[in-house]
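Visitor: Could you walk me through the charged contacts and the surface of this one?
Guide: Gladly, let us look at it together.
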Amino acid sequence: MDTSFAGLGTDAPASYLHIRQDYDARLTMDTVESGAGGGFDILNSTDGQSWRVAVSPGNLQVRDHTASLDKLLLNPGASGTG
């Protein structure tokens, strides 16, 4: 197993990707295509559990891909209740 760790802002990374910043730490993923979204997947390859955090124009979604269910969907432009 590869145990190489990479660090941004740290000389002693504690995980495969460790980002350290003194204040307001963030990770920016920039999708440059107009109207496109972006996001990331979290996969537990041991048991197959899969999650996706995605952003598209006007939406933020957290989806349990294993169960095919949206666990959180924020659409600030929507009206009414669902």
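Guide: One cut-off first: a residue is called buried under 20% relative accessible area, exposed over 50%, and partly exposed in between. Please keep in mind that this is a predicted model.

Visitor: OK, so how many salt bridges are there in the whole structure?
Guide: A search of the whole structure finds two. In one of them the side chains of Arg52 and Asp41 meet, at 2.5 Å from N to O, and this pair links distant parts of the chain, with Arg52 in strand β4 (residues 49-56) and Asp41 in strand β3 (residues 38-44), 11 residues apart.

Visitor: Is Arg52 buried, exposed or partly exposed, and why?
Guide: Arg52 has a relative accessible area of 34%, so it counts as partly exposed.

Visitor: Switching topic, which residues form the nonpolar patch on the surface?
Guide: The patch is formed by Leu8, Leu17, Ile19, Leu27, Met29, Phe40 and Ile42, which together have about 670 Å² of accessible area. Strands β2 (17-19) and β3 each supply at least two residues of this patch.

Visitor: Where does Leu27 lie?
Guide: Leu27 lies in the loop between β2 and β3, and because its relative accessible area is 56%, over the 50% cut-off, Leu27 counts as exposed.

Terms used: Residues numbered from 1 in each chain as written. Predicted model: local features only at pLDDT ≥ 70, side-chain atom pairs only at ≥ 80, totals over all residues. Heavy atoms only, no water. Salt bridge = Lys/Arg side-chain N within 4 Å of Asp/Glu carboxyl O. Helix = DSSP H or I, 4+ residues; strand = E, 2+ residues; numbered from the N terminus. Buried < 20%, exposed > 50% of the residue type's maximum accessible area, 1.4 Å probe, protein only. Patch = residues over 30% accessible without salt bridge, like charges linked within 9 Å, V, L, I, M, F, W, Y side chains within 5 Å. Areas by Shrake-Rupley, 256 points an atom, 1.4 Å probe, with all protein chains shown as cover.
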